[in-house]
Amino acid sequence: MNSFKDVFERYHWDEIKAKLGKVTHSDVLASLQKKHKTLDDFLNLISPVAATELELMAKMTRQLTQKRFGKTIQLYAPMYLSNECQNICTYCGFSLDNNVRRKTLSDTELMIEASVLKSMGVSHVLLVSGEANKTVGISYFLNAVRLLRPHFANISVEVQPLSEEEYLQLHQEGVYSVLVYQETYHQEVYKEYHPKGKKSNFHFRLDTPDRIGRAGIHKIGLGVLLGLEDWRVDSFFNALHIDYLQKQYWKSKFSVSFPRLRPAEGIIEPNFVMEDKDLLQLICAYRIWNEDLEISISTRENEKFRDHIISLGATTMSAASKTNPGGYAVDVESLEQFETSDERSMEDVKNVIRKAGYDPVMKDWDSAYSGI
């Protein structure tokens, strides 16, 4: 059975880092001029020297995004189901070693949170939880999806890695997309960030998108936690992963997210600081390399950055996010996974999108027409 591990093991972190340092300005210009971009072109566009062409890259990104996605931004909101977690992760507020009150939503609480989101006009909800298989395992997720599906046009999940059979069950219940982040592709230091719990198994997590793809999930979302390791090298491996998946599971769509480390309970300081201009360069590189890739921007980013990125590559944005279980109504003081930066209401974000000349989309399709 094919897996990304076979591709991953042909590349080495230090070699990619060295290649990034050798990219010339001529290499960057050549990549920008090519009609069909390769992974080598992506590497050139995220290199340090490519920052000198950021204005041109931004112009190309705007044109390519409008050509493929039009002037629309799809909006969604996360619903955190539980902050219980059996992993120790040095960067996460939900980490097992944080001595905090834990909370898992009951059926009644799920519906209360759903009613608040619906009152905000939300039709696309992302279900998120900590990784605690006994408390919030597949049975809990299937039950939550069954309860919520009549109330939302689009349900996505971002939970612990599951088996192929479990992803198939979610697919059959109507889950549209699954997001899973490797956090970092630097295998040698991965264990330092994940010293305890199932998440410490690097290769099990690495193979997760393959299991999602084989289960037939409509959309697969990837990303790395920006700030753990060198963002350029990590992003190359993330693009390598996307490239493999698109060829292997061509019926699925793909998205990329850009979570930067944010303050949270017990969190470490970023190992690598990523400036706004770096994030813009990375977003542009993804769009120029892959015109079909959906690009998602969360409320981790500040208002100013999010306002500007509307016309510079974003296709999907969260808004009015609460990152704690029950955060919208049930238990507003429960432990959050991280602090959000953009705390504006859904309506405020919609108005900003309209002011930029774009259309905020709350519901772009209905499961009644999908054959699910």
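Predicted model: local features only at pLDDT ≥ 70, side-chain atom pairs only at ≥ 80, totals over all residues.
Helix α2 passes helix α12 in a right-handed crossing. Another pair to look at is α5 and α13, where the crossing is left-handed.

**Helices α2 and α12**

- The axes of α2 (residues 13-22) and α12 (residues 231-248) come within 9 Å of each other, and they cross at roughly 110 degrees.
- An angle from 65 to 115 degrees counts as roughly perpendicular, and α2 and α12 are therefore described that way.
- On the α2 side, the contact is made by Trp 13, Ile 16, Lys 17 and Leu 20; α12 brings Arg 232, Val 233, Asp 234, Phe 236 and Phe 237 to meet them.
- Sorted by class, the residues of this α2 and α12 contact are 6 nonpolar and 3 charged, with no polar ones.

**Helices α5 and α13**

- Here the axes of α5 (residues 54-69) and α13 (residues 276-289) come within 9 Å, with a crossing angle of roughly 50 degrees.
- The two helices, α5 and α13, are therefore oblique to each other.
- From α5, the residues in the contact are Leu 54, Met 57, Ala 58, Met 60, Thr 61, Leu 64, Thr 65 and Phe 69.
- From α13, the contact takes in Lys 277, Leu 280, Gln 281, Cys 284, Ala 285, Arg 287 and Ile 288.
- The contact of α5 with α13 has 10 nonpolar residues, along with 3 polar and 2 charged ones.

- Strand β5 (residues 219-223) has 5 of its 5 residues buried, so it is largely enclosed by the rest of the structure.
- Both of its faces are covered: Lys 219, Gly 221 and Gly 223 are buried on one side of β5, and Ile 220 and Leu 222 are buried on the other.
- Strand β4 (residues 177-179) runs parallel to β5 and is joined to it by 3 bridges.
- In that pairing, Val 178 stands opposite Ile 220 of β5.
- Strand β6 (residues 253-257) also pairs with β5 in the parallel sense, over 5 bridges.
- To find your place there, look for Leu 222, which stands opposite Val 256 in β6.

- In helix α7 (residues 138-148), the buried residues are Ile 138, Tyr 140, Phe 141, Leu 142, Ala 144, Val 145 and Leu 148.
- Their cover includes the strands β1 (72-82), β2 (124-129) and β3 (154-158), and it also includes the helices α6 (107-119) and α8 (164-172).

**Arg 306 in helix α14**

- Arg 306 has its place in helix α14 (residues 303-309).
- Its relative accessibility is 1%, so Arg 306 counts as buried; the cut-off for buried is under 20%.
- Setting aside neighbours within four places in sequence, Arg 306 is in contact with Ile 297, Ser 298, Thr 299 and Glu 301, among others.
- The contacts of Arg 306 also include Met 317, Ser 318 and Ala 319, together with Asp 342, Arg 344 and Val 349.

Methods:
Residues numbered from 1 in each chain as written. Heavy atoms only, no water. Axes fitted to C-alpha atoms, helices over the stretch in contact; angles between N-to-C directions. Helix = DSSP H or I, 4+ residues; strand = E, 2+ residues; numbered from the N terminus. Parallel < 35°, antiparallel > 145°, perpendicular 65-115°, else oblique. Left-handed = near helix turned anticlockwise from the far one by under 90°. Contact = heavy atoms within 4.5 Å. Nonpolar A, V, L, I, M, F, W, Y, C, P; charged D, E, K, R; others polar. Buried < 20%, exposed > 50% of the residue type's maximum accessible area, 1.4 Å probe, protein only. Pairing = 2+ DSSP bridges.
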